[in-house]
Amino acid sequence: MTSARTSPSTSRSRSATRDKLFHAAVTLIAEQGFSSTTVEEIAERAGVAKGTVYYNFASKTELFEELLRHGVELLTADLRKAAEETDGRGGSRVDALDAMVRAGLQFIDHYPAFTQLYVAELWRTGRAWNDTLLMVRKEAVAVVEGVLRAGVAEGELSEEIDVQLTAAALVGMVLVAALDWKAFQPERSIEDVHGALSLLLQGRVGAGRPG
């Protein structure tokens with residue numbers, strides 16, 4: 001018996017459809033809230049039939065849960081890539097952290113609605129997707145933790161650094177600074193924002209071990 005296989009073109013098509021649904025859903029939910037957003041509106045914004053939404057997701061709740069997962073996974077991949085590319089060029093661990101700060105800002109610049117939604121959901125409780133959100137957040141922070149631990153182990157960073165809290169603080173710093181940038185200082189360039197955060201990073205985390 002021959003098992004059915006999904007062709008590469010079919011996989012690409014489904015991935016493209018899910019991306020359309022991701023962008024449509026995150027924009028609508030950021031604009032009008034989860035409860036007020038209907039599947040019909042998501043389908044219309046994505047330019048697909050309503051049935052297509054249910055073909056890809058069992059319910060609106062599952063769509064939103066996967067939306068959060070997908071967005072944070074994209075951010076995590078960008079952070080990891082920034083760290084790996086810096087390491088490949090022979091950069092320091094602080095250089096890698098700085099590159100991750102910029103990668104985070106670029107992600108937020110590209111997906112402002114998702115970032116707004118993600119930060120809002122971090123403060124809400126009793127949601128069906130809370131466990132998923134906490135899990136993917138932990139994965140994103142873990143990438144930063146890995147760079148910090150390596151820096152401490154290699155003597156570049158101080159042993160006094162609380163790796164877990166510092167990693168969470170760095171991720172939070174980027175998220176909050178970027179949201180403030182988008183909401184209140186949109187005339188600023190990404191270079192301006194990155195430069196300010198880079199100075200904070202270099203001054204605090206990048207101070208190294210005391211002599």
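Me: Over residues 15–75, what share of the chain is helix and what share strand?
Reply: Over that stretch the chain is 80% helix and 0% strand, with the end C-alpha atoms 17 Å apart. Helices here are DSSP runs of H or I with at least four residues, strands are E runs of at least two, and both are numbered from the N terminus. This is a predicted model: local features need pLDDT of at least 70, side-chain atom pairs count only at pLDDT 80 or more, and totals for chains, interfaces and linings use all residues. Residues are numbered from 1 along each chain as its sequence is written, and side-chain values use heavy atoms, with hydrogens and water left out.

Me: What does UniProt list for residues 15–75?
Reply: The unreviewed entry lists "domain: HTH tetR-type" there. UniProt positions are in the numbering used here, feature names are shortened, and annotations may be inferred rather than shown by experiment.

Me: OK, helix H4. How far does H4 reach?
Reply: H4 covers residues 60–88, 29 residues, and reaches 41 Å from its first C-alpha to its last. That is close to the 42 Å expected, taken as 1.5 Å times one less than the number of residues. Glycine 90, with a positive phi near 80°, follows H4.

Me: Which residues have the most contacts inside the largest nonpolar core?
Reply: Phe64, Leu67, Leu97, Met100, Leu105, Phe114 and Val144, in a core of 63 residues. Such a core is a set of buried Ala, Val, Leu, Ile, Met, Phe, Trp, Tyr and Cys residues joined through side-chain atoms within 4.5 Å; buried means under 20% relative accessible area, exposed over 50%, partly exposed in between (1.4 Å probe, protein chains only).

Me: Why does the core lie between domain 1 and domain 2?
Reply: Because domain 1 (9–58) and domain 2 (60–206) both give residues to this core. The bounds come from an automatic or database domain assignment.

Me: What does phenylalanine 64 touch?
Reply: Ile29, Phe34, Leu117, Glu121 and Trp129, leaving out residues up to four places away in sequence. Contact means heavy atoms within 4.5 Å.

Me: Switching topic: how many salt bridges does the structure hold?
Reply: 9, each a side-chain nitrogen of Lys or Arg within 4 Å of a carboxyl oxygen of Asp or Glu. One of them joins glutamate 85 and lysine 81 at 4.0 Å, N to O; both lie in H4, 4 residues apart.

Me: Which salt bridge does arginine 102 form?
Reply: Arginine 102 pairs with glutamate 191, the closest N and O atoms being 3.2 Å apart. The pair links helix H5 to helix H9, 89 residues apart. Arginine 102 is partly exposed at 24% relative accessible area.
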